[in-house]
Amino acid sequence: MTDDLSKLSFEDALAQLEEIVRQLEGGQLRLQDAIASYERGAALRRHCDSKLSEAEARIQAIIQRADGTLETSSMD
């Protein structure tokens, strides 16, 4: 399950997560299906959090110089 998550973009993972939330809120899933969906949703949320953290780190790595130009610095 986590292998296919690593290939998902943030947007695709978020869309899947939103669909799972709709299904769970609808209350029409069988118990086993609801549990599996919840587990998938939790994994998708962690994946989205990771993607957002990566994006935040990249943004924070952009430094504005005194002359107004931008430079990127290493995230290490």
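This is a predicted model: local features need pLDDT of at least 70, side-chain atom pairs count only at pLDDT 80 or more; totals for chains, interfaces and linings use all residues.
View 1. Once neighbours within four places in sequence are left aside, the contacts of Ser-37 are with Ile-20, Gln-23, Leu-24 and Leu-29.

**View 2. The packing of helix H2 against helix H3.** Helix H2, which covers residues 10–26, packs with helix H3, residues 31–60, at an angle of about 150 degrees, and the axes of the two helices lie 9 Å apart. H2 is therefore roughly antiparallel to H3, given that angles over 145 degrees are counted in that class. The crossing in which H2 passes H3 is left-handed.

**View 3. Residues at the contact of H2 with H3.** From H2, the residues Phe-10, Ala-13, Leu-14, Gln-16, Leu-17, Ile-20, Gln-23 and Leu-24 take part, and they meet a set in H3 that includes Ala-34, Ser-37, Tyr-38, Arg-40, Gly-41, Leu-44, His-47 and Cys-48. Sorted by class, this contact comprises 11 nonpolar, 5 polar and 3 charged residues.

**View 4. The largest nonpolar core, with Ala-13 as one of its members.** The largest nonpolar core is made up of 8 residues, namely Leu-5, Leu-8, Ala-13, Leu-17, Ile-20, Ala-43, Leu-44 and Cys-48, and at least two residues of this core are supplied by each of H2 and H3. With neighbours within four places in sequence again left aside, Ala-13 is in contact with Leu-8, Leu-44, His-47 and Cys-48.

Terms used
Residues are numbered from 1 along each chain as its sequence is written. Side-chain values use heavy atoms; hydrogens and water are left out. Axes are lines fitted to C-alpha atoms, for helices over the stretch in contact, and angles run from 0 to 180 degrees between N-to-C directions. Helices (H or I, at least four residues) and strands (E, at least two) are DSSP runs, numbered from the N terminus. Angles under 35 degrees count as roughly parallel, over 145 as roughly antiparallel, 65 to 115 as roughly perpendicular and the rest as oblique. A crossing is left-handed if the near helix is turned anticlockwise from the far one by less than a right angle, and right-handed if clockwise. Contact means heavy atoms within 4.5 Å. Ala, Val, Leu, Ile, Met, Phe, Trp, Tyr, Cys and Pro count as nonpolar, Asp, Glu, Lys and Arg as charged, and the others, Gly among them, as polar. A nonpolar core is a set of buried Ala, Val, Leu, Ile, Met, Phe, Trp, Tyr and Cys residues joined through side-chain atoms within 4.5 Å. Buried means under 20% relative accessible area, exposed over 50%, partly exposed in between (1.4 Å probe, protein chains only).
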